[in-house]
Amino acid sequence: MFSLRDVSMRVQGIRLQGHDEMAVKLLFWELEQHLKSSSGASVVAIDNKIEQAMDLVKSHLMYAVREEVEVLKEQIKELIERNSQLEQENTLLKTLASPEQMAQFQAQVQTGSPPAPQTAAPSGPPSATAASLAQPASHSAGPSA
């Protein structure tokens, strides 16, 4: 196998004219400097290190994403439970409300005004019946937040 110096000497043996000879010499000098500064093994080593760094970043990113997905799944589960509780409370309140209270509520919803505070006793079912209706809902709904 020939070294770059041998090839360079052979090229010099071929008579090139003016700028061509200088260009070829410069080309070989640059090639020789490049090969001295970065051997094939060092380029492969750098590529391997870059690939390892990218794999490390990917694994950390995937871990963070999985962790965030678990947190979001838990939040979704809690929100579904809370929504179920609120739906049960809503159904109970609708059954306990009088037609006048429902009409007043609908009017407030349409106008966007806040609900008026209740000062008089509600004109719904007797309190014993309301308590008996509320009790099963609170047992099935679990603790409210």
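**Exercise 1.** What percentage of the 145 residues in the chain do buried residues make up?

*Solution.* Start with the kind of model: this one is predicted. Next, apply the cut-off, by which a buried residue has under 20% relative accessible area. Buried residues then come to 7% of the 145 in the chain. For the surface, the chain exposes about 12,200 Å², with carbon and sulfur atoms supplying 64% of that area.

**Exercise 2.** Work out which secondary structure elements the chain has and in what pattern they follow one another.

*Solution.* Begin by counting: there are five helices and zero strands. Reading along the sequence then gives α-α-α-α-α. Now turn to contacts with a separation of 6 or more: 59% of them join residues 24 or more positions apart.

**Exercise 3.** Find the salt bridge in the structure and place its two residues.

*Solution.* The structure holds one salt bridge. Its partners are the side chains of glutamate 70 and lysine 73, at 4.0 Å from N to O. Both belong to helix H3 (residues 40–96), and because they are three residues apart, about one helical turn separates them. Lysine 73 is exposed, at 51% relative accessible area.

**Exercise 4.** Describe the span that UniProt annotates as "coiled-coil region".

*Solution.* The unreviewed UniProt entry gives residues 62–96 this annotation. In the model, that span is 100% helix and 0% strand, and its end C-alpha atoms lie 51 Å apart.

How values were computed. Residues are numbered from 1 along each chain as its sequence is written. This is a predicted model: local features need pLDDT of at least 70, side-chain atom pairs count only at pLDDT 80 or more; totals for chains, interfaces and linings use all residues. Side-chain values use heavy atoms; hydrogens and water are left out. Helices (H or I, at least four residues) and strands (E, at least two) are DSSP runs, numbered from the N terminus. Buried means under 20% relative accessible area, exposed over 50%, partly exposed in between (1.4 Å probe, protein chains only). Contact means heavy atoms within 4.5 Å. Accessible areas come from the Shrake-Rupley method with a 1.4 Å probe; for residues, only the protein chains shown count as cover. UniProt positions are given in the numbering used here, feature names are shortened, and annotations may be inferred rather than shown by experiment.
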